[in-house]
Amino acid sequence: MKPTVSIIIPTYNNALFLEETLDSLLAQTYQEWECICIDDGSTDATVSIIQNFASRDSRYINYIRPSDRPKGANACRNIGIEKSQGDYIIFLDGDDLLTSGCIEDRIHAIRQNKNIDGVVFDTRIFEDIDTPLHILNKDPETSEDTIEYLKLFLAYTIPWQITSPIWRRKVFETYGGFDEALQRFQDVDLHTYLLLQGVQIKRVPIANFLYRIDNSTTSKYTDPAFVTKAFKGIYGYLTKYLSRDINTEILSYEERLEYLRQMYFKALHTYLFLLSDKRVLKAYLKLGKKAGYISTQKSSYYILAYQIEKRQWHTIKGIGMHRLRKELHKKLGL
């Protein structure tokens, strides 16, 4: 029987939580699904776990990312789209969970809204059952019109996570999938691109997806090498959407420019002193000058502030460096 919905899971060393994730599919009240797992080169027991589930239930299907495709979850998800058969698609990570009624809720909602391309549900932080709900989604203050969600993405106020929506398959057949060149920020890029093409979504405030935040994930953002890689993803995203070649029928270049300004400075001020490569910072500042966000003088101030922090000159006493550092932070709003 052809599955109604395809659950696409990119995996990479997910052995610790993957069994729980795959079990959450077996517990679904709606059973007409397939689960496409695409491994990105795991060195732990991830692949054997998937193979074990596949041997017991043919709805679990395992693929290994071929060597001619770039490493990363974006390429794995695209392979999943290509291999899948369902009329609807949900993306899931290998350490998160779907509640037992998740697929049933989503199938019902998208069938009830025939002119909608995707239905977006609430994402709940993975917590004990007795703790209050902690919902990650962010909605516009004024209207839930699709274009308002596009503005949130552009302004780096992420309204939903990768597993929040259920999509009609035709969305990816029409517009394509993930940008395989981006190292990070792939889901934000995908959602931005789809909304700029005029894809229509509907919000349903039901939390049926549990997002796991563990210490190892959180600690990555204190690792300068990881932050630099993530920052490159933001740089690639900004470069793409600051281009005049992007579709302007949904949102004009001038409007897009203003929302992207918010992203530009949020990212710069959040990650400035965590970057491990000054060349990345220089390229980012050059992009800001091209967009008209900063002047040459202000760019120099950022470079100087970065150098002072990295060399810890603010710890040196008696040479006025503390005063200079204080002035720079004031000028840059840090």
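**Loops, helices and sheet**

A: Y156 is found in the loop between α5 (146-154) and β7 (165-168), where helices (H or I, at least four residues) and strands (E, at least two) are DSSP runs, numbered from the N terminus. The phi of Y156 is near 65°, a positive value in a residue other than glycine. This is a predicted model, in which local features need pLDDT of at least 70 and side-chain atom pairs count only at pLDDT 80 or more, while totals for chains, interfaces and linings use all residues. Residues are numbered from 1 along each chain as its sequence is written, and side-chain values use heavy atoms, with hydrogens and water left out.

With a relative accessibility of 30%, N13 counts as partly exposed (buried means under 20% relative accessible area, exposed over 50%, partly exposed in between, with a 1.4 Å probe and protein chains only).

The helix pair itself consists of α1 (residues 15-26) and α2 (residues 46-56), whose axes come within 9 Å and cross at roughly 20°; axes are lines fitted to C-alpha atoms, for helices over the stretch in contact, and angles run from 0 to 180 degrees between N-to-C directions. The two helices are therefore roughly parallel to each other, a term for angles under 35 degrees, whereas those over 145 count as roughly antiparallel, 65 to 115 as roughly perpendicular and the rest as oblique. In their contact (heavy atoms within 4.5 Å), A15, L18, E19, L22, D23 and L26 of α1 meet T46, I49, I50 and F53 of α2. The residues of this contact divide into 7 nonpolar, 1 polar and 2 charged, where Ala, Val, Leu, Ile, Met, Phe, Trp, Tyr, Cys and Pro count as nonpolar, Asp, Glu, Lys and Arg as charged, and the others, Gly among them, as polar.

Turning to the strands, α2 lies across β1 (5-11), β2 and β3, running at about 145° to β3. These strands belong to an open sheet of 8 strands with mixed pairing, in the order β3-β2-β1-β4-β7-β6-β8-β5, and two strands pair if DSSP finds at least two bridges between them. The edge strands, each pairing on one side only, are β3 (60-64) and β5 (97-98). Strand β2 (residues 33-39) runs parallel to β3 and is joined to β3 by 5 bridges; C35 has Y60 in β3 as its bridge partner.
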